[in-house]
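Please keep the sequence and the model in view while reading.

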Amino acid sequence: MQRHLISAADLTRDDAVLILDTAEEMARVADRPIKKLPTLRGRTIVNLFFEDSTRTRISFEAAEKRLSADVINFSAKGSSVSKGESLKDTAQTLEAMGVDAVVIRHGASGAPYRLANSGWIDAAVINAGDGTHQHPTQALLDAFTMRRRLVGRDAGLGQDLSGKRVTLVGDVLHSRVARSNVDLLHTLGAQVTLVAPPTLLPVGIEAWPCEVSYDLDSTLPKSDAVMMLRVQRERMHAAFFPTEREYSRRYGLDGDRMARMPEHAIVMHPGPMVRGMEITAEVADSDRCTVVEQVANGVSIRMAVLYLLLGGNEPAVTHTRPPVAHPSNEHSAHTPFAAEEK
Ligand code: NCD
């Protein structure tokens, strides 16, 4: 693993599988009455949010607290950033306070990369979404959700998503979730298809490791997972489709369309959902929709990432029984989780 997590494209297959397997261990902590591990005691993590967020911000904070880190929350609103302070000065202020990791969400693509490579700070940098560029922990939690649902919780350990067919639908142009997912799913061996109006696909899409289709109905029967993307109005400065009604009719997922999906297939959404636009309430509330599960899995994934970037050598989870080596899990003997109960 590298020292920072900036892009899903930086992860090798083995890195990604190690994070997913570590997240499975972390998920067990959530099943305990006291959901806390001492792993990051004495470490300070700052959540630096320059853009709005509900799920990602709360999820990182929950993950940090479950690992016993000291948490500082910073939002640009109400800070000196609104007085004109630069990212550099903000970073140097954090450095002076001795933070160990910075979780950053920023409206400008590339801001986390700049922070990690500028020499302004020494801390590990984790990208929580930058502009239309990347959102690697979202892609990881999505892959974790797919592996659990489509391969199995135990059967999935050590496995990737080889052969799984994943369809991403909607505003690909403005979506860091789509970019991160295409990168990670490709690394994990899945076959990805993007479905969007031509106006909402980026220039150069031919070079992405995926298929492109303009016809949702013909793609649904060939999908194991269908991920709906929000139309990102806040990033649009032109008219990309005639009307919302027209968009929903062609690219929205309703009950009739969902019925075209194979029986085992799941519906995903990173949130926030705009009910009635890209997804109907009927689909959003159905058993096949994993939105709430994705949020819960996000905490486990972020615990795993923080642990692997900052954790050191202490076992994160101790077992009450000797660990069972999974034959297909090449990491099981090496992970810090193979430790016995102290
Ligand atoms: C996404 C984001 O912010 O990129 N949401 C999230 O992190 N759960 C997608 C979106 O805003 O539509």
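Is R233 buried, partly exposed or exposed, judged by relative accessibility? At 42% relative accessibility, R233 counts as partly exposed, where buried means under 20% relative accessible area, exposed means over 50%, and partly exposed lies in between (1.4 Å probe, protein chains only).

This is a predicted model, in which local features need pLDDT of at least 70 and side-chain atom pairs count only at pLDDT 80 or more, whereas totals for chains, interfaces and linings use all residues. Residues are numbered from 1 along each chain as its sequence is written, and side-chain values use heavy atoms, with hydrogens and water left out.

**Domains and their interface**

The domain assignment divides the protein chain into domain 1 (8-134 + 294-317 + 326-337) and domain 2 (136-291), with bounds that come from an automatic or database domain assignment. Taken over C-alpha atoms, the centres of domain 1 and domain 2 are separated by 25 Å. The contact (heavy atoms within 4.5 Å) takes 38 residues from domain 1 and 36 residues from domain 2.

Between them, domain 1 and domain 2 bury about 3200 Å², of which 54% is on carbon and sulfur atoms; buried area is the accessible area (1.4 Å probe) that two parts lose on being put together, summed over both. Of the area that domain 1 buries against domain 2, L20, E24 and Q294 supply 24%, which is more than any other three residues.

Across this interface, 18 residue pairs are in polar contact, both residues being at pLDDT 80 or more. A polar contact is a pair of N or O atoms within 3.5 Å; within protein, one must be able to donate a hydrogen and the other to accept it, and residues adjacent in sequence count only if both atoms are side-chain atoms. On the side of domain 1 that touches domain 2, the elements giving two or more residues are helix 1 (13-30), helix 2 (55-66), strand 3 (101-106), strand 4 (124-130) and helix 11 (291-310). Helices (H or I, at least four residues) and strands (E, at least two) are DSSP runs, numbered from the N terminus. Helix 1 gives the largest share of that side, 10 residues.

Q294 is placed in helix 11 and, at 2% relative accessibility, counts as buried. The side chain of Q294 makes a polar contact of 2.8 Å with the side chain of D142, and a polar atom of the Q294 side chain lies 3.1 Å from the backbone nitrogen of H269. Leaving aside neighbours within four places in sequence, Q294 is in contact with Q138, L141, D142, T145, M268, H269 and P270.

N297 is also found in helix 11, and it is buried, with a relative accessible area of 4%. Not counting residues up to four places away in sequence, N297 touches L141, F144, T145 and R148.

**Salt bridges**

Side chains of opposite charge can pair when their charged atoms come close. The whole structure contains 17 salt bridges, each being a side-chain nitrogen of Lys or Arg within 4 Å of a carboxyl oxygen of Asp or Glu, and the count between domain 1 and domain 2 is 7. The table gives some of the pairs.

| Salt bridge | N to O distance |
|---|---|
| D21 and R147 | 2.8 Å |
| E293 and R149 | 2.8 Å |
| E244 and R233 | 2.8 Å |
| R153 and D31 | 3.6 Å |

In the salt bridge of D21 and R147, D21 lies in helix 1 and R147 in helix 5 (residues 136-151), so the pair ties together parts that are 126 residues apart in sequence. Both D21 and R147 are buried.

In the salt bridge of E293 and R149, E293 belongs to helix 11 and R149 to helix 5, so the pair ties together parts that are 144 residues apart in sequence. E293 is partly exposed, with a relative accessible area of 29%, and R149 is partly exposed as well, with a relative accessible area of 35%.

In the salt bridge of E244 and R233, E244 lies in helix 8 (residues 244-251) and R233 in the loop between strand 8 (225-228) and helix 8, so the pair ties together parts that are 11 residues apart in sequence. E244 is partly exposed, with a relative accessible area of 44%. Salt bridges that share partners join E24, D31, R148 and R153 into one network.
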